[in-house]
Structure formats: C-alpha cells, structure tokens
Amino acid sequence: MDTLETSKIIENVSKQEIDTTIHRRQTRPVKVGNITIGGGFPIVVQSMINEDTLDVESSVNAIRKLHEIGCEIVRVTVPSMAHARALAEIKQRLSQVYQPVPLVADVHHNGLKIALEVAKHVDKVRINPGLYVFEKHNIDRDGYSQKEFEEIGEKIRKTLEPLIISLRDQGKAMRIGVNHGSLAERMLFTYGDTPLGMVESALEFIRICESLEFYNIVVSLKASRVPTMLAAYRLMVQRMNELGMDYPLHLGVTEAGDGEYGRIKSTAGIATLLAESIGDTLRVSLTESPEKEIPVCYGILQSLGLRKTMVEYIACPSCGRTLFNLENVLHKVRNATQHLTGLDIAVMGCIVNGPGEMADADYGYVGKQAGYISLYRGQEEIKKVPEDKGVEELIKLIKEDGRWIEP
C-alpha cells in the first residue's frame, strides 16, 4: 500500500469518531423497590429462587443468599393464594433479619385473584400474556375471525384492568413476560409461532396498560433458541420506536440448560443484544442452583464494559516463548486478587507481546527471563523479582498504591 493511499485512509478514519463504548438505548426509568430499571441506570441483575414460598424461612434464606452475592432483584413463583399471602410474611421477615430486597412475583394461569393479592406484598408482578387469561385449546379450530380476536382481547382487558389499577395506584411495576413456548392460541393462529406473534402479544398488553395511564412496565420476549430470541427483541425495539414507546427490556434465553453450553447459549443471546444497545436488566437461566447464575451475569456485563464489579484479568494463551506455567500463575494471581474491585491485571508469558498487549492494565506480571518476572504499573516496569516471589510482590505493589483491601 503506497504512502498516499495510507494517508487517505488515516484522514478518512480521523474524520469519524471511532467509539468503543456501548451507548444504551434510551428507556424510561421503572422503579422496583429501591432499584431502578432503565433510564440510564446500571443494567440490573436478576435471578429466581427455587424454594416453595410456603416455606417462609427457606425462601428468606434463599433470597438473602442471592442478594448478598449481587442479585439485585429476586423473583418468586406464586401458584396459589396461599403462596401469595406467604409473600407478606417473607417480605416482613427479610426486613427483620436482613434488609428489604426488591421482589417480583410470577403469576400464571387465570391468576387475577392471586395477582391482586400478591401485588400488595411485592414490588413487581410478572405476567405471561399467553397464560394470564388461559384460552382453552380447540382442536377443531382453524383460525380466529376479527370479531373473535377482539372479543378475547376485551376479556383480557377486563381481567387485567384491576391488576393494572392496583399496581398503578401503589407505584409498583409490571413485567410483561412473553415466552416463545407459551403464546396464546389466538396469537399462534394469527401470527404463527414467530417473533412477530411474541411482539404483538406484548403490544396488546402494553396498550391496555397505557389506556389506564400505567407506564411502569418492563418487557421480555424470551425464547430457548437464540436466533428466535434475538429476532423478537430486535423487532420489539423497532415496533416501540415506531410507536413512540420507550419501555425497558429484560433480556434472557429461557431454558438455556446447564454447564458450559448453558452459559455460552445465554451469553450468545444476551451479549449480542447488549452490544446493540438493547437491554436494561437480565437473567441467565441455568438448570443449576440460582447463585451460579450471578457470576455469569456480571461476566457478560463486565466483558462489554457495561458494569465493573470484579478484577479484569488479561492473559495470553501461552506459546513456546512462555517462560513459566502460565495457567498455574494465572490461578495464583486470581486467587490472591479476585476479591478486589475495578482493577485490570495482566499476566503475560513473555516480553515479546506482553507490554503492548497489556497497555491498558493497571498492573502487569510478565515473564522476562527464566526464573524471573517483571512487575509493571501501567506501562512502566517497576521491578524484576524471582518467580516464586511474584504474587507476593504484586500484592505489595498494589498495597503501596493504596488499592489493596483485605479479603
């Protein structure tokens, strides 16, 4: 490439701003207890307990455990009136033995009475449009007339209206949580088992809320297949933009499974949308204990630069030039420093790429010659120490800078 062509490229690039920051879609703020979703507030991490809410003590302990490790909103299920009433005791007990925690209640299957009761005790009620007013399946049906479609819509409105008014008057919130696997029959016949059906299902409920001047709404459109989930959220944003709506979105891949693939699947869906500026709160749904979801949530947010809640480790993959066992050293450094917040620490195997690749790190641990490592503060080499003293000297350097806290 000649110098003239190179100069033109540089000139063209310099005229454009190269922005590496994710700028989030502007949404309205929705209060859920002492947490705000949307409105430019930090993306909120959620999870859900597995305990039967009739067991008050176990539920309180599970909620507290999640909250203590960073879950900011906790969801519970309320399949009966007894469960709904138990939420009052759970809420009270949390305040007595711990602190208030923002709670969301799941309501399904013709749940108006349950929803009205639980709305007194929690901060947000989640309803699934496909199940809230259950439409009995008719195997002989081959479609819905416009009149039938509207009649069922009116039935939904009458059933939903008391809950909306209750939440509106209490200053509480609602999540309209559409699931791809539980669309109402009417939506399936009209729009198919598609992202469009999911979006139209959500919009129907939003319009009912808006007609009653209720706007404390969060929307989710979850699917177990990542491409379907992505298409639904993208279409929802498009439709809301067309309609002048600015409701925050709750992201998640439902029924993602467990283990490595469950984490990869959730990350593929959630991170893709966050990178497109879409999303205000999230849950990683794993078939594991709920507390295992929280590190994945924070890992997604930190990797995208949206929240910083832990140390960012920069480490090369190792090669023939590496002068120490990189995997072991990284584990030692991580074990010694993982309780710190907001630091970037690089562990690099050799001097060839080390200083350049770790240029943005606060501290660097670099193999410079056999048996020795060099410690860096930013891009400045501070000292060379024996390898067996490396982690100890790194901690000493962080302490000298006043950035150390005891575990």
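Predicted model: local features only at pLDDT ≥ 70, side-chain atom pairs only at ≥ 80, totals over all residues.

**Helix H3**

Let us begin with helix H3, which covers residues 81–97 and has 17 residues. From its first C-alpha to its last, H3 reaches 25 Å, close to the 24 Å expected at 1.5 Å a residue.

Which residues of H3 are buried? They are His 83, Ala 84, Ala 86, Leu 87, Ile 90 and Leu 94.

| Pair | Residues | Axis separation | Crossing angle |
|---|---|---|---|
| H8 and H9 | 195–211 and 226–243 | 9 Å | about 45 degrees |
| H10 and H11 | 259–275 and 293–303 | within 10 Å | roughly 40 degrees |

With an angle of about 45 degrees, H8 and H9 are oblique to each other. H8 passes H9 in a right-handed crossing. The contact is made on the H8 side by residues including Leu 196, Met 198, Val 199, Leu 203 and Ile 206. On the H9 side, the residues taking part include Ala 231, Ala 232, Leu 235 and Met 236.

H10 and H11 cross at roughly 40 degrees, and they are therefore oblique to each other. H10 passes H11 in a right-handed crossing. Here Arg 263, Thr 267, Ile 270, Ala 271 and Leu 274 in H10 meet Val 296, Ile 300 and Leu 301 in H11.

**A closer look at H11**

Why is H11 described as largely enclosed by the rest of the structure? Of its 11 residues, 8 are buried, so the rest of the structure largely encloses H11. These buried residues are Glu 293, Ile 294, Val 296, Cys 297, Tyr 298, Ile 300, Leu 301 and Gln 302. They pack against helices H2 and H10 and against strands S3 (44–48), S10 and S11 (312–315). After H11 comes Gly 305, whose phi is positive, near 75 degrees.

Now for some single residues. Is Thr 281 buried or exposed? Thr 281, found in strand S10 (residues 281–282), is buried, with a relative accessible area of 0%. The side chain of Thr 281 reaches the backbone oxygen of Val 44 at 2.8 Å. Leaving aside neighbours within four places in sequence, Thr 281 is in contact with Ile 37, Ile 43, Val 44, Gln 46, Val 218, Leu 249, His 250 and Leu 251.

Leu 221 has its place in strand S8 and counts as buried, at 0% relative accessibility. Beyond neighbours within four places in sequence, the contacts of Leu 221 include Met 198 and Val 199, which also take part in the contact between H8 and H9. Other contacts of Leu 221 include Ala 232 and Met 236, and these belong to the H9 side of that contact. For a sense of distance, Leu 221 and Gly 390 are 169 residues apart in sequence and 49 Å apart in space, C-alpha to C-alpha.

Thr 337 lies in helix H12 (residues 326–337). With a relative accessible area of 1%, Thr 337 is buried. Which residues touch Thr 337, leaving aside neighbours within four places in sequence? Thr 337 is in contact with Val 311, Tyr 313, Ile 345, Ile 398 and Trp 404.

**Two loop residues with positive phi**

Our last stop is in the loops. Glu 213 is not a glycine, although its phi is positive, about 60 degrees. Glu 213 sits in the loop between H8 and strand S8 (217–222). At 58% relative accessibility, Glu 213 counts as exposed.

Ser 277 also has a positive phi, about 75 degrees, although it is not a glycine. The loop that holds Ser 277 runs between H10 and S10.

Methods: Residues numbered from 1 in each chain as written. Heavy atoms only, no water. Helix = DSSP H or I, 4+ residues; strand = E, 2+ residues; numbered from the N terminus. Expected span 1.5 Å × (residues − 1). Buried < 20%, exposed > 50% of the residue type's maximum accessible area, 1.4 Å probe, protein only. Axes fitted to C-alpha atoms, helices over the stretch in contact; angles between N-to-C directions. Parallel < 35°, antiparallel > 145°, perpendicular 65-115°, else oblique. Left-handed = near helix turned anticlockwise from the far one by under 90°. Contact = heavy atoms within 4.5 Å. Polar contact = N/O pair within 3.5 Å; in protein donor to acceptor, adjacent residues only side chain to side chain.
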